[in-house]
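Have the structure open as you read.

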Amino acid sequence: MQADPRAPELTAQDFVAMAHASRMCLLLHDAASKDILWANPAACEMLEWSVAELRPLKANDMSSSAQQYDRVIGRAWLQEAVDKGASRIEWHYRAKSGRVIPTDAVAVRVELERGPAVLVQFRDIEREQEVERQLRLTTSWVDALAHHTSTVALMLDAAGTIRFATNTALPLLGATAGEPLGPLTEHARLRLRGRVSTWDEVLAGADPVTPVQLEVDRPGQEPVWLEGSLERLQETGGDALLMILHDVSERVHGQVRREREMHKENYLARYTAMGDMAMAIAHELGQPLAAAANFLVGARAAGQADARVGYGIDNAVRQIDRAATIVSSVRAFVGHLEHVQQVADLNDILEECLYFVGLRAGPAGVDVRVRRSAQPVPVRCERVLTGQVVLNLCFNAIDEMVACDPQRRQLTITTRIDDDAGVLTVDDQGRGIRHDPFERTFTDKEHGSGIGLALSYRIITRQHGTIWAECRDEGGSRFGFTLPLAG
């Protein structure tokens, strides 16, 4: 007799041999009584019973004592297979030694020569359940780390796109939870060994790990500095990278503050020396300037016939007279610290400076526009030195616009009264300012001593005023100062 016409070379005994050799556990139940008719060796080995010992056993003899494995439930599960053809359940068997074995069990109705029966196929899933439990536990640990650790961690792909970020990373990067983060370079500037770098350079250095630093700009606040390492995860084929970072902003900002304080200390020492030098220069230059002026007066009297010579001499005398006035004012300003009692109109101070501003602006192609206050702006100040501040601000603006498009070379000087202060502003259409120039001691310009703005700051603040610089919305920069109104 053929056991299966689809495989005529196999006999019934061959199928018996296969059932005995299978590592899947098999139990055969009578469809009506649910009694055990047969078990294969794998089932006998797992349950620690022989077929002869299994045949008289009932569900309560070989199942867990837990309520969900009650005999009634077991019979109902087998009956469902009889009625519907198949039924699946997680069933806990109990071995002869008392060991409870969790299994994934499938009951299938089979038609035997003697009538219907139920073939139960089951396997031990205890190890799988343990692996699953460990996986859930690991997942909860990772989730806890991601949400509660103070360490900043990012997972990136080879293109530099952020695939995962801990909760602590999101606010530092200015990102929102639940939204795609995109490329890392959209959130921060990469730095490698102290210099600005690209993602490709950083990625090339991760072999397998490289130090890295991020600088994250925040509107209206100091930037966030993050420092750590980028490691290529080898087991993923090199397509995943782990970046571990720590917030070192306080350390970096502390270094910047210390450097700034050191610059200020150096400046104070230089300013003290400048005071001594100013006193000496003012003392020594007074007589030579007076003599030079006298010689020019004599030369003008002797050369009255030539108008060009007279024009040149007149302008030279004007420059020398102003130089003598400045020297005298510096001498008085450096030598005395008492409150300034002189009162001057800011409009008049500006008018005195416009001649010299025009001399500098004309050759540079800069259009100078003046917006004077319609009413006097009486302020308490040292007149000549305040004029030097005006000149310094205007000269800096003219020098800045020389490098710009000639169509944009426009300088606007404005005076006005604002509450209890007189205000003068100088607007240019240059490249703008990258930082507060009054926070730094010396200039970034290639030429010049770099002390013009520093001296302007000292002159204005010593007269109880304020001085500032800012970028204009329409481009360029605005420098200005206030002085207290007289009376």
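## Around Leu411

Leu411 touches Val357, Val366, Asp367, Val368, Arg369, Cys394, Ala397, Ile398, Met401, Val426 and Asp427, leaving aside residues up to four places away in sequence. Contact here means heavy atoms within 4.5 Å.

A word on the source: this is a predicted model, where local features need pLDDT of at least 70, side-chain atom pairs count only at pLDDT 80 or more, and totals for chains, interfaces and linings use all residues. Residues are numbered from 1 along each chain as its sequence is written, and side-chain values use heavy atoms, with hydrogens and water left out.

## The largest nonpolar core

Leu411 also belongs to the largest nonpolar core, which has 37 residues; Val390, Leu411, Ile413, Leu424, Val426 and Phe481 touch the most other members. Such a core is a set of buried Ala, Val, Leu, Ile, Met, Phe, Trp, Tyr and Cys residues joined through side-chain atoms within 4.5 Å. Buried means under 20% relative accessible area, exposed over 50%, and partly exposed in between, using a 1.4 Å probe and protein chains only.

At least two core residues each come from helix H11 (346–364), helix H12 (383–401), strand E16 (410–418), strand E17 (421–427), H13, E18 and strand E19 (477–484). H12 gives the most, with 10 residues. Helices (H or I, at least four residues) and strands (E, at least two) are DSSP runs, numbered from the N terminus. In soluble globular proteins, nonpolar side chains tend to be buried together.

Now for a sheet. Two strands pair if DSSP finds at least two bridges between them.

Strand E8 (residues 189–192) and E9 pair in the antiparallel sense over 3 bridges, and Leu192 stands opposite Arg195 in E9.

Which peptide bond is cis? That is the one from Asp207 to Pro208, with omega near 0 degrees. Pro208 sits in the loop between helix H8 (199–205) and strand E10 (209–218).

Lys34 has a phi near 70 degrees, positive in a residue other than glycine. Lys34 lies in the loop between strand E1 (25–30) and strand E2 (36–39), and counts as buried because its relative accessibility is 9%.

His464 has a positive phi of about 65 degrees, although it is not a glycine. His464 is in the loop between helix H13 (452–462) and strand E18 (466–471), and at 53% relative accessibility His464 counts as exposed.
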